[in-house]
Amino acid sequence: AARIIQNMDPTADPCKDFYQYACGGWLNRHVIPETSSRYSIFDVLRDELEIILKGVLETSDQGDREAFQKAKILYKSCMNESLIEQRDSLPLLEALRMVGDWPVASPDWNKTKEPNWSMEEKLSIMNSRFNKRVLIDMFVWNDDRDSSRHIIYIDQPSLGMPSRDYYFNGGNYQRVREAYLQFMITIAKMIREDKNMTKDDSYVQEEMAKVMELETEIAN
């Protein structure tokens, strides 16, 4: 209650400017950080919680239950920057290998990989191992018609960019679209280089343009 009152401006007339009356105290004491596009009480609580979690995750894991131990192991692995730098792109290359490699960064993929490539198998691996839904989103949730049971839902997944607008609208959407395509091209070139493949910028650009075209068709 004290925090709510602190965030109000009781000097304002609610009949004339209710927003100032309800939020004036908050506006006077808070500035949106440069790293954020918004700043609310939920952002403050999130920041406070992250500090608490950081302290918990950095304590010794003696006697912890298994779930806490896993969380601490994950945190330590993310903080081990020297090992991350040392491994470089190896984790990404291993992930690509598990899903059947990437044609744009795999020599003769149509001959060496495609004959044994199964879309159903690769989609299930991406879902189960990487929690990534592509083309189809499938999950288990409460049945809307009978909340006492769970059923399998099949839905459309999210797109590569945040929404359909990014694929068709102009202005800032177009600039993001161009940057997104350039990002794909950069990553493809990087992986080809790490796999000691010959430099072929025109081929990479053509292939990534096809990817963009496919995503646009899916968005449509």
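1. Start with Arg-97. In this predicted model, Arg-97 is partly exposed, with a relative accessible area of 49%.

2. Where do Glu-94 and Arg-97 lie? Both sit in helix H6, which covers residues 90-98. They are three residues apart, about one turn of the helix.

3. Now look at helix H11, residues 201-219. Glu-207 and Lys-210 both belong to this helix. Here too the spacing is three residues, about one turn. Their side chains form a salt bridge, with 3.3 Å from N to O.

4. Are Glu-207 and Lys-210 buried or exposed? Glu-207 is buried, at 18% relative accessible area. Lys-210 counts as exposed, at 51%. The labels follow from the cut-offs, because buried means under 20% and exposed means over 50%.

5. Salt bridges also link residues into a network. Through shared partners, they join Arg-38, Asp-43, Arg-46 and Asp-47.

6. Asp-43 pairs with Arg-38, and the closest N and O atoms are 3.3 Å apart. Asp-43 is buried, with a relative accessible area of 8%. Arg-38 is partly exposed, at 47%.

7. How many salt bridges does the structure hold? The count is 13. Side chains of opposite charge can pair when their charged atoms come close.

Methods. Residues are numbered from 1 along each chain as its sequence is written. This is a predicted model: local features need pLDDT of at least 70, side-chain atom pairs count only at pLDDT 80 or more; totals for chains, interfaces and linings use all residues. Side-chain values use heavy atoms; hydrogens and water are left out. A salt bridge is a side-chain nitrogen of Lys or Arg within 4 Å of a carboxyl oxygen of Asp or Glu. Buried means under 20% relative accessible area, exposed over 50%, partly exposed in between (1.4 Å probe, protein chains only). Helices (H or I, at least four residues) and strands (E, at least two) are DSSP runs, numbered from the N terminus.
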